[in-house]
Amino acid sequence: MAQLIDGKAIAARIRAEVQADVERLKASRGLVPGLAVVRVGEDPASKIYVTGKKKAAEEVGFHSWEHALGADITQDELLARVRQLNADPAVHGILVQLPLPKHIDAERIIAAVSPEKDVDGFHPVNAGRLSLGQPGLRPCTPFGAMRLLAEVSCAPAGKRAVVVGRSNIVGKPMALMLLQADATVTICHRKSDLPREVAQADILVVAVGVPELIQGEWIKPGAVVIDVGMNRKADGKLVGDVAFQAAAQRASAITPVPGGVGPMTIAMLMRNTFIAASGGV
Ligand SMILES: NC(=O)C1=CN([C@@H]2O[C@H](COP(=O)(O)OP(=O)(O)OC[C@H]3O[C@@H](n4cnc5c(N)ncnc54)[C@H](OP(=O)(O)O)[C@@H]3O)[C@@H](O)[C@H]2O)C=CC1
Ligand SMILES: Nc1nc(=O)c2c([nH]1)NC[C@@H]1CN(c3ccc(C(=O)N[C@@H](CCC(=O)O)C(=O)O)cc3)C=[N+]21
């Protein structure tokens, strides 16, 4: 049986580390990090996530603000709100919860956030910095996944890493971070021969959004498996993109869903906001 990677416990430790850093920053510079979360419309999942982020922010000692805006807000009104937060010196981190309503051009909104306050790491400047191997704010989910690898003493250097999924918010930055850490990286998508590619992976990261797409039998014995997927079943239960039970028979370590990558995303958001407040990367 694989070692279970306890993202929930590791995330709690990271939040405690950030809390201690916040206390030091307050004492030395009288500075309290501030996180503004912008939510548009009434998507119930977004509401739950944003509440979780706000709770975490308050626990670590940040100032936090939730800007809940109506689904009928115009693009220009939303841009104006982002610019107002860019200009507010008490706000060090800005997160615009995705997805946004269809009439809003999400790319334009993301690009309007000041790169220095872009604690999601989604701005083209931060994406560019990552691809160039330069310091910058990193997307929280892959940042958290890298930390999980470190926690199980899995050093990517020289290993074969396979990332399934190539989204701009998870798969692509994940692959770039693994490359930065000297893994040999393969990125898979709809046209890939998944069983063949997955079988090569010493490190497997899956971010697709298809319940239990990855079969346990495909997994290389001893692999470390990070399951980013979050799929809600009809009975309300969450399942990942990896068939967990079968995969755990072959992997050396594996993240559960829930309790794996999800809590790490929020913990790394706290870390990024602290970084943004304390002078950047
Ligand atoms: N735990 C957390 O904190 C977070 C979890 N998530 C979860 O991670 C998952 C992925 O999210 P996200 O990256 O935003 O998703 P996207 O829908 O943006 O991207 C999905 C990717 O998976 C690929 N894909 C889809 N179906 C298949 C298939 N059958 N075979 C191979 N590849 C496939 C797509 O390929 P192609 O490019 O060819 O279309 C695409 O690259 C979701 O379950 C989401 O809920 C997301 C963010 C944070
Ligand atoms: N601008 C933006 N930034 C994001 O980071 C962002 C976003 N938009 N939109 C939605 C996705 C999703 N996301 C998650 C955060 C926490 C959990 C999490 O804590 N999950 C728990 C349990 C969740 C539950 O039980 O419902 C777990 O996996 O254990 C999951 C997913 C951040 N996202």
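**Figure 1. The shell around ligand 2 draws on both domains.** At least three residues from each of domain 1 (30-114) and domain 2 (140-262) belong to the shell around ligand 2; the domain bounds come from an automatic or database domain assignment. This is a predicted model, in which local features need pLDDT of at least 70 and side-chain atom pairs count only at pLDDT 80 or more, while totals for chains, interfaces and linings use all residues. Residues are numbered from 1 along each chain as its sequence is written, and chains are lettered from A and ligands numbered from 1 in the order in which they are written. Around ligand 2 there are 17 residues, of which Leu 98, Pro 258, Gly 259, Gly 262 and Thr 265 come nearest (a residue is near a molecule if its C-beta atom, placed from the backbone, lies within 6 Å of it). Helix 2 (44-59), strand 4 (93-96) and helix 10 are the elements that give two or more residues to this shell. Helix 10 gives the most, with four residues. Helices (H or I, at least four residues) and strands (E, at least two) are DSSP runs, numbered from the N terminus. Sorted by class, the shell around ligand 2 has 11 nonpolar, five polar and one charged residues. Here Ala, Val, Leu, Ile, Met, Phe, Trp, Tyr, Cys and Pro count as nonpolar, Asp, Glu, Lys and Arg as charged, and the others, Gly among them, as polar.

Figure 2. Most residues other than glycine have a negative phi, and most peptide bonds are trans. Look for Pro 99 in the loop between strand 4 and helix 4 (106-112). Pro 258 sits in the loop between strand 11 (253-254) and helix 10. Both Leu 98 and Pro 258 are among the residues that come nearest to ligand 2.

**Figure 3. The surroundings of ligand 1.** Here 24 residues surround ligand 1, and the closest are Ser 167, His 189, Arg 190, Gly 209 and Thr 265. Helix 10 gives the most to this shell, with three residues. By class, the shell around ligand 1 has 12 nonpolar, 10 polar and two charged residues. Keep an eye on Thr 265: this residue is listed among the closest to ligand 1 and among those that come nearest to ligand 2.

Figure 4. At least three core residues come from each of domain 1 and domain 2. Leu 204 touches Val 162, Val 198, Ile 219, Ala 223 and Val 225, not counting residues up to four places away in sequence; two residues are in contact if their C-beta atoms, placed from the backbone, lie within 7 Å.

**Figure 5. Gly 41 and its partners.** Gly 41 lies in the loop between strand 2 (34-40) and helix 2. This glycine counts as partly exposed because it has 17 C-beta neighbours inside 10 Å. Leaving out residues up to four places away in sequence, Gly 41 touches Ala 71 and Pro 101. The C-alpha atoms of Gly 41 and Pro 101 are separated by 7.4 Å, although these residues are 60 residues apart along the chain.

**Figure 6. Positive phi at Ser 153 and Glu 212****.** Ser 153, a residue other than glycine, has a positive phi near 55 degrees. Its place is in the loop between helix 6 (140-151) and strand 5 (160-164). Ser 153 is exposed because 8 other C-beta atoms lie within 10 Å. Glu 212 also has a positive phi near 55 degrees, and is found in the loop between strand 7 (203-206) and strand 8 (224-227). With 18 C-beta neighbours inside 10 Å, Glu 212 counts as partly exposed.

Key
Buried ≥ 20, exposed ≤ 12 C-beta atoms within 10 Å, placed from the backbone.
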